[in-house]
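Hello,

Here is the structure we talked about. Please open it first, then read the notes below.

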Amino acid sequence: MEKYLDLRNKLDFNGIEAAANVIKSGGLVLFPTETVYGLGANGLDENAVKNIFIAKGRKQDNPLILHVSSYEMVEKIATDISDIERQLMEAFWPGPFTIVLNKKEIVPSSVTGGLDTVGVRMPSNKIAHELIHLSDTPIAAPSANISGKPSGTNLQDIFGELADKVDFIIDGGECKVGVESTVVRVINNIPVILRPGGITPEMIQEVIGVVEVDKHILGKVEEGEKVMSPGMKYRHYAPNSKCILVYSEDNLKLVDKIKKITSEYKNPLVISSTENKNLYNISNVIDMGSKNNLSEIAQNIFTILRKVDSYNPDIVVIEGVPNEGIGLAIMNRLIRACEYNLQIV
Ligand code: TXA
Ligand code: MG
């Protein structure tokens, strides 16, 4: 396929130019970042951006992140940037960090869902960086998945649902972080996390001295309630099967509770830590990684959520992780995958 560029394990990026030309001419490019794959288009081209919404089946009021490769690009799209905002960008860029800034006129309102702010991120993934640089424009890119589905962290997971909707595909192998970027808005000089991700609250606290977490991160958004990050309103990450998330600080209690739940079903599936996977005595267990290595779990979680339905389970029980570090991002995704069906024991 002409529009496919395989850059797995390659250090020379010849060929990205062709993808950049697709961006410049208003097309869609599927490309890797360090967090998840992105579905990219020229972020300053109203029509190109509209095609992203169509390809994903995404609601118009859910704003897109603009991906940049330089601070000049930031200045082009955002205004009134405060010292704290600059400090955050310098600390966490390039990397899995998105900052919501006041937008300039040049940013089409279709990108921002009608808001007067714009989410901006400078990815660290070299392929993403080169693509933005050669395109010479900020690239609007949501996670590459049909709206509502888990994000894609490798090409195989999303090829089927997106390949025929894009003009160019770059394969960069597995994404390193595995969950999306942390989205932050600075309000009254306090960084507020609107969506947890690759940069943890603890890391932000260390740089700025304070950090707040929006209450919707682990809670449900009520019908009609106003949220700072519109993406939080929508059903997300959920398999078709019914899922329950169980958490306990006490591992014995956790395993007991999960055994009790699964005993009531015919074909249960447990998504388990490596440490507990042999304790459930059922045939369908997926190992999500060691509970002592939350980064590993973060990296695996979307691929696992995509596999769930293939087991045809009558119940899926998922082990929760502590809300610390990247655990907060994992729990935010899992709570949504389970449609707020969380049991703490
Ligand atoms: O890691 C990532 O952020 C990936 C990769 C591709 O960069 N992108 C991504 O985009 O996750 P998306 O569209 O799936 O999620 C963007 C999130 C949504 O929850 C959206 O509501 C929020 O960012 N967001 C974007 N612009 C915003 C703004 N101006 N104000 C508040 N929230 C915003
Ligand atoms: Mg998304």
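**Around the ligand**

Ligand 1 is surrounded by 28 residues, each with a heavy atom within 4 Å of the ligand. The closest are Thr35, Arg58, His67, Ser181 and Gly231. Look next at the polar contacts, which are pairs of N or O atoms within 3.5 Å; within protein, one must be able to donate a hydrogen and the other to accept it, and residues adjacent in sequence count only if both atoms are side-chain atoms. A side-chain N or O atom of Ser181 sits 2.6 Å from an oxygen atom of ligand 1. For Ser229, the distance from such a side-chain atom to a ligand oxygen is 3.1 Å. Asn62 has a polar side-chain atom 3.1 Å from an oxygen of ligand 1.

**How to read the model**

This is a predicted model: local features need pLDDT of at least 70, side-chain atom pairs count only at pLDDT 80 or more, and totals for chains, interfaces and linings use all residues. Residues are numbered from 1 along each chain as its sequence is written, chains are lettered from A and ligands numbered from 1 in the order in which they are written, and side-chain values use heavy atoms, with hydrogens and water left out.

**Asp214**

Is Asp214 buried or exposed? Asp214 counts as buried because its relative accessibility is 12%, and buried means under 20% relative accessible area (1.4 Å probe, protein chains only). Asp214 touches Val192, Ile193, Leu194 and Met228, leaving aside residues up to four places away in sequence; a contact means heavy atoms within 4.5 Å. The side chains of Asp214 and His216 make a polar contact of 2.9 Å.

Best wishes

Terms used:
Buried means under 20% relative accessible area, exposed over 50%, partly exposed in between (1.4 Å probe, protein chains only).
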